[in-house]
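Subject: Structure handover

Hello,

Here is the structure for you to look through. My notes follow below it.

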Amino acid sequence: MSQRHREPMSSIDAAWLGMDRPTNLMVINGVMLFDEPVEYDRLYRLLDERLAGLFDRFRQRIVPGPSRSRFYWEDDPHFHLRRHLHRVALPAPHDEATLQGLIGDLMSEPLDRAHPLWRFYLIENVTIGGKAGGCAVFGRIHHCIADGMALIQVLLSLTDPSAAEAAPRPQPEEPARRGDGALPRPLRMVAGLTKQGVRLLASLLPTEEEGGLTPAGLLNALQNAGLLTAASAAILAKLLIMAPDRQSPYRGEMGGIKRVAWSPPLPLAQVKEIAHAAGATVNDVLVAAAAGALRRDMLERGAEMAGGDLRALAPMNLRRPSPELRLGNEFSLLYLALPVALDQPYARLMAVKQRMDRLKRSPEALVVYQVLSLLGMLPPEVSHQAVDWFAEKASCVLTNVPGPRQTLYLAGRPISRILFWVPHSGNISMGISLLSYAGSVSLGVEVDERLIPDPERLIAHFLEEFALLVDLGKGLAATTPAASTTATLP
């Protein structure tokens with residue numbers, strides 16, 4: 001029997017595979033909403049031609065290598081598209097609340113590791129915006145296949161600019177640029193150093209008999225293995241000694257059952273007007289609205305605001321612009337302190353802007369990427385412990401992805417809305433995702449039901465905060481430039 005095609009999984013992708021927990025699955029979830037029904041057979045052919053037919057990853061399963069921290073991509077000998085595309089009828093009353101409940105149930109289920117780690121659902125009989133006869137296409141793709149930016153592009157490659165016009169066939173990644181070779185040069189250097197030093201590092205890590213691994217021990221081992229420069233060591237030391245995030249209703253024992261909610265679409269033009277008036281970015285405005293929503297929710301749940309900021313992990317894209325659609329993970333994570341203790345919307349917006357500006361100038365992202373790459377090479381018990389160290393320093397993951405500016409079509413039907421939910425590692429219980437599409441922006445929230453049984457409250461608070469920022473933007477636009485630097489809400 002001929003040997004099946006097999007290729008090694010990059011260490012950074014293996015890191016995300018290893019972060020799977022029963023209560024937190026490392027799966028990126030997204031949904032497209034339609035006012036009209038989508039034909040199952042047409043969707044099947046679309047996935048067959050543009051997804052499984054073009055990208056090896058969607059026909060490959062993951063198999064372990066000789067060591068516990070080494071994995072390979074291997075062609076699934078039993079691959080069949082029907083295993084990955086399911087047809088579901090939404091039960092009565094067929095509304096968006098029922099759809100949110102179904103999606104929460106589906107995203108609580110682990111993907112089958114015996115087969116490629118992705119699954120799509122055609123959910124029929126959905127009432128969208130009070131109009132019956134719509135549907136939803138819900139997709140689940142494991143983070144080890146690609147990061148959110150790449151997977152958004154994968155999903156968009158399934159779409160067309162009109163009902164009749166087919167989009168150009170997406171160009172998959174070139175074989176020579178897979179794995180570490182697809183990374184920008186500084187990151188290829190990081191990966192190379194990691195591969196050279198990982199064996200030395202493993203020999204330097206303390207065993208259980210020697211007292212187990214500690215943050216200081218990990219830092220010393222990384223330095224002794226030659227995997228960190230002095231500057232990188234200083235940044236990593238700061239991250240390792242950072243205290244766990246403040247107490248809040250979002251921290252505690254999780255149950256693993258997910259709940260989701262999403263906002264109605266908000267005009268992107270209004271967000272831009274606020275940003276222009278405040279001298280901020282669109283991302284600053286949306287993050288400030290999210291911070292205000294969390295503040296309102298925490299107050300309602302009895303949290304003390306004297307506890308200070310609430311930290312979020314914010315993904316940072318490291319991809320270079322390219323005509324090719326590359327899979328894999330090319331992003332890092334940064335800690336962003338959300339100013340939930342500040343009681344004025346303008347003060348929160350300015351605090352978010354200052355903190356985001358500082359993070360953009362920091363080399364922290366490359367250091368975190370280096371650590372993530374390393375975690376994929378270490379024994380599971382070591383990598384799990386390191387993930388827990390970093391995860392306990394944040395209470396949510398917050399990401400904002402710019403989507404297409406025009407309406408797109410899937411299987412001949414116009415997509416009315418697109419939403420997605422970012423996964424979160426360790427004991428982080430909440431993911432907050434923002435996505436713009438066709439002139440609007442929507443917020444998606446995914447939470448653990450044991451801690452937050454009613455995520456729709458967060459959505460309501462986000463809308464309230466956005467309305468305040470709209471009024472603030474109008475007030476700032478009416479003032480002189482000098483006065484606008486001190487403007488506050490009454």
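Helix 9 is largely enclosed by the rest of the structure, because 14 of its 19 residues are buried. Buried means under 20% relative accessible area (1.4 Å probe, protein chains only). Helices are DSSP runs of H or I, at least four residues, numbered from the N terminus.

This is a predicted model: local features need pLDDT of at least 70, side-chain atom pairs count only at pLDDT 80 or more, and totals for chains, interfaces and linings use all residues. Residues are numbered from 1 along each chain as its sequence is written, and side-chain values use heavy atoms, without hydrogens and water.

Helix 9 covers residues 282-300 and reaches 28 Å from first C-alpha to last, close to the expected 27 Å. The expected span is 1.5 Å times one less than the number of residues. Just after helix 9, Gly 302 has a positive phi of about 85°.

Helix 9 packs against helix 10 (residues 345-361) at about 125°, with the axes 9 Å apart. Axes are lines fitted to C-alpha atoms over the stretch in contact, and angles run from 0 to 180 degrees between N-to-C directions.

Contact means heavy atoms within 4.5 Å. Helix 9 contributes residues including Asn 283, Val 287 and Arg 295. Helix 10 contributes Arg 348, Leu 349, Val 352, Lys 353 and Met 356.

Helix 10 has 17 residues and reaches 25 Å, close to the expected 24 Å. Its buried residues include Tyr 346, Arg 348, Leu 349 and Met 356.

Best wishes

Conventions. Helices (H or I, at least four residues) and strands (E, at least two) are DSSP runs, numbered from the N terminus. Buried means under 20% relative accessible area, exposed over 50%, partly exposed in between (1.4 Å probe, protein chains only).
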